[in-house]
Amino acid sequence: MVNWIEIETKWRKKWEEGKDFEADPNEKEKKFITVAYPYPNSPQHIGHGRTYTLADVHARYYRMKGYNVLFPMGFHYTGTPIHGMAKRVEAGDAEIIDGLKNIYHVPDDAIKTFVEPIKIADYFHEEIKAGMVEMGYSIDWRREFTTIDPVYQKFIEWQINTLKEKNLIMQGSHPVGWCPKDQNPVSQHDTMGDVEPDFTEYVLIKFKFDDYIIPTATLRPETLFGVTNLWVNLETNYKKITVDGEKWIVSKECARKLEFLDRKISYDGEISGTELVGKQVTVPHRNEKILMLEASFVESHTGTGLVMSVPAHAPFDYQALVDFKKDQPLASELQLIKPISIIETEGYGEIPAKEAVEKLGILDQNDPKLEQATEEIYGKEFYGGILKQNTEQFAGKKVSEAKDSIKEWLAKEKYSDILLELTNTPVICRCGAECVVKILTNQWFLNYGDKTWKEKAIKCLDGMSILPQEIRPEFNYVIGWLHERACARQHGLGTKLPWDKDWIVESLSDSVIYMAYYILAKFVNAGKISADTLSKVFFDYVFLGYGSLGKVSEITKIPKETVDEIKNEFSYFYPVDSRHSGRDLVPNHLTFFVLNHVAIFPENNWPKQIVVNGSVLMDGKKMSKSMGNIIPLRQAIRDYGADPIRLAIIISAELLQDADFNLESVTGIKNKLVSLLEECSKLKPGKLENLQAEDRWILSKLQSLISNVSSSVEKMRLREGLHGNLFSFESDLQWYFKRAKAKGRSDYSGVLYEINSKRVAMLSPFAPHIAEEMWEKLGNSGLVSQTSWPTVSADVIDPNAIQSEELLKSTIDDISNILKVTQMKPKKITIYTADAFKSKAYHSILEKVMAGQTNMGVIMKDLIANSETADIKKNPDFVQKTIKDILSEPTEIRKTKLETKEFDEKSLIENELVSLARADFGVDVQVFSESDSGIYDPKGKARHARPFKPAILIE
Ligand SMILES: [Zn+2]
């Protein structure tokens, strides 16, 4: 039995005593690795553990590679969620108190104090920190801080002032996601399920109806030219309202949306859908009347609750028209309403919507596939469509080019208005209220829409490593659409806006350049600097190199040496070498991190790398409090040990995939680690001499393992690296043991010692505690976390040994397969190796294939032209099969074969395979070369022998 807690505590104590993870500047090259700091409003669960574990492996790996690695941690107190939670506790909210008690196991005494937000943050801060320590994260805790520490607040004031000086923060009126209950802007941190409110600007086309205007919302104003009617929902009670002096008819929900958009609204009465249906409205730009008809797909909460129908180009409208006509008498004039085609697009005929609806087999207007049809047509017509003659002054223009001028024309003629609407509805605030879009007037915004700023960010991004590569386009996309963003809030914890103390810097804006603060935090915690004397001159000098040391020291009253030390430490550790975070932070935090760095710091301090990971599922399901499938991280550590949890998280998925955590895999990993530990206890170092073929082979394989694991970790393909080391290599070892056993050997402990030393070293960043224990069992006195990462010794790689073992392995496999298929009990096995001239032909084919030539005719012609291999023309089958053999092998093996031309298969099989076969199959084996005189070949098998593919006769 392995006592995980005991082992883990023992090694953590050693690391702590040795101050192993405290990084100060030195002569070595540095790596500065950071992770998004946690928000302490709950304890961490297994899902949170993923990002930190990945970053910790990264940090530990670079430490072993010889870098001076700084891996620090802070705690993000800023924001409204903790505030909201305190209010709910104060109100005695049963749901939240039950969650704290029964899911998070917070003691009653502590819950009582939770009416104060700061108490909640402090409690979970300590809880999360304890979990991080127990997970073995190699953090430099001297640099810990919270975002409400006084010096941090000075730092944020400096950041915000610097941005304002650069005109990147401005006052203005801009739309934001908004909680009507809290009266506060909302972003991802403030919503249930961490949704970033996303909104779109719709064009409202104003149709006239007596004294009223009936507006309809569209993203495709150009389709006005193809309007045939309006759609009304019979079930909806519409509101008559006055909007800035104009009389409108819209749904109740639309009227409410308009109120938040800074419009002056008064309510004048109601009109039902039934009253509208059958009446006529006037199309704004030509005095033409069209009918209002009924359709059930029209929803009161979308747009204005009324829809402009363009059946030729909008699948919903087309289908609604088809549905509508089914209910009308055949003679009715309504049957005469026909789609009006206004856009010509390659690949579509006259009525694109009809084609799309029919292609997808759509049945009625409530079919969800209509969304897909709409998206497809919208995309194709936007990028490839040309406006037809019936679009008047816009005829002949591309849709993508005409769209903006049509918008301008409509606005200028007062035919239109605009409506902002959330696109990812419903967005629910953590307080429970449904969020809306609000135009905030005279508020403070970060001008993320600034073109020059975006260009700089793109430049930074282009020079950065983004892992995994496939996530890069998402960053470009986000920078593309980003616009002004509110950077202050009225409630919550945080730093006050320096020039307007009624406002607090919001939580996504005070967490973008704090990696620089880790340098200061060390000096703050050591009592060497304090908030009261810090001001712009200090930060400008330390971070940007402006001003003079003398002046800074004089103003701040900090000794010159200390100021200099801080500045030098910053220059040493900055820029950030790697930033780790979850995928959900790509559209906000990670992109803002890039934007704020390029705005404030010179190019040499721009970040170098971002690593993004997917989330963690629990037995295939999303983890959530409501699902009741949350396992608090500390609980899991107590139950299973930290290392098994680290490995279970890593092994279940590569970076971007969602990792599926399950307890079965934890158990499997535990067993694997225990058996490796036992093995290490038995091994003693030995001299690597008198090496036999299989020793040279397994040591060569070890070199490939080192090379593969190293390159996997470099690319943060940790699953692949861990799997290769812990599991895939086992099959090689198994072969090795089989060979050694067949030969009756017992002298290979030294070889195994060498192998396990390297494997344990490569396991160390992944499972740091148990790797130390294994290392100690191997007889080492130092720490494995302090040894060097293994490197490949090219001189150990023995191509001949690799080739020999591969041949033996595949021949044994072939015999086993034949026996399995034929169900024979063998009495005698005969093996035939290929003739020498076939070997020449083989190498000639191999060279050609490696050079990219795989055409059988060309290869054949060359072989015949050479007198040494000309005989091959009698055996065209050989050439074809050999090409196939070669192509089915890994490039690595092909290269090895190319390097070793002389290779005596017959004596290898005689010397090595005979004993193996006797052990495996219990019979004698006879070996012939194809051209041997006196060959025993009753079935004429010998002629089928190919190099590395001997022919086999089983009797
Ligand atoms: Zn709210």
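Predicted model: local features only at pLDDT ≥ 70, side-chain atom pairs only at ≥ 80, totals over all residues.
User: How many helices and strands does the chain have?

Analyst: There are 33 helices and 30 strands. These are DSSP runs numbered from the N terminus (helices: H or I, at least four residues; strands: E, at least two). The C-alpha atoms fill a box of roughly 110 × 85 × 55 Å along the principal axes.

User: Okay, at what angle do α14 and α15 pack?

Analyst: Two packed helices are described by the angle between their axes and the distance between the axes. An axis is a line fitted to C-alpha atoms, for helices over the stretch in contact, and angles run from 0 to 180 degrees between N-to-C directions. Helix α14 (residues 451–462) and helix α15 (residues 472–481) pack at about 175°, with axes 10 Å apart. That's why α14 and α15 are roughly antiparallel. On the α14 side, the contact (heavy atoms within 4.5 Å) uses Lys 454, Ala 457, Ile 458, Leu 461 and Asp 462. From α15 come Arg 472, Phe 475, Asn 476, Ile 479, Gly 480 and Trp 481. By class, that gives 6 nonpolar, 2 polar and 3 charged residues. Here Ala, Val, Leu, Ile, Met, Phe, Trp, Tyr, Cys and Pro are nonpolar, Asp, Glu, Lys and Arg are charged, and the others, Gly among them, are polar.

User: Which residues of α15 meet α20?

Analyst: Glu 474, Phe 475, Val 478 and Ile 479 of α15 meet Val 586, Pro 587, Leu 590 and Thr 591 of α20. The α15 axis and that of helix α20 (residues 586–600) are 10 Å apart, at about 85°, so α15 and α20 are roughly perpendicular. This contact has 6 nonpolar, 1 polar and 1 charged residues.

User: How do α25 and α28 divide up by class where they touch?

Analyst: First, the geometry: the axes of helix α25 (residues 718–742) and α28 come within 12 Å and cross at roughly 85°, so α25 is roughly perpendicular to α28. Asp 732, Trp 735, Lys 738 and Arg 739 of α25 touch Glu 805, Leu 808, Lys 809 and Ile 812 of α28. Those residues divide into 3 nonpolar, no polar and 5 charged.

User: Which residues hold the zinc ion as donors?

Analyst: Donors are N, O and S atoms within 2.8 Å of the metal (3.2 Å for Na, K and Ca). The protein donors of the zinc ion are Cys 179 (SG), Asp 182 (OD), Cys 429 (SG) and Cys 431 (SG), lying 2.2 to 2.3 Å away. Along the chain, their spacing is C-x2-D-x246-C-x1-C. Cys 179 in strand β3 (residues 169–179) and Cys 429 in the loop between β16 (416–422) and β17 (436–446) are 250 residues apart, linking distant parts of the chain.

User: Is Cys 179 buried or exposed?

Analyst: Buried means under 20% relative accessible area, exposed over 50%, partly exposed in between (1.4 Å probe, protein chains only). Cys 179 has 0% relative accessibility, so it counts as buried. Cys 429 is buried too, at 3%. Across the 955 residues of the chain, buried ones make up 55%.

Key: Residues numbered from 1 in each chain as written. Heavy atoms only, no water. Parallel < 35°, antiparallel > 145°, perpendicular 65-115°, else oblique.
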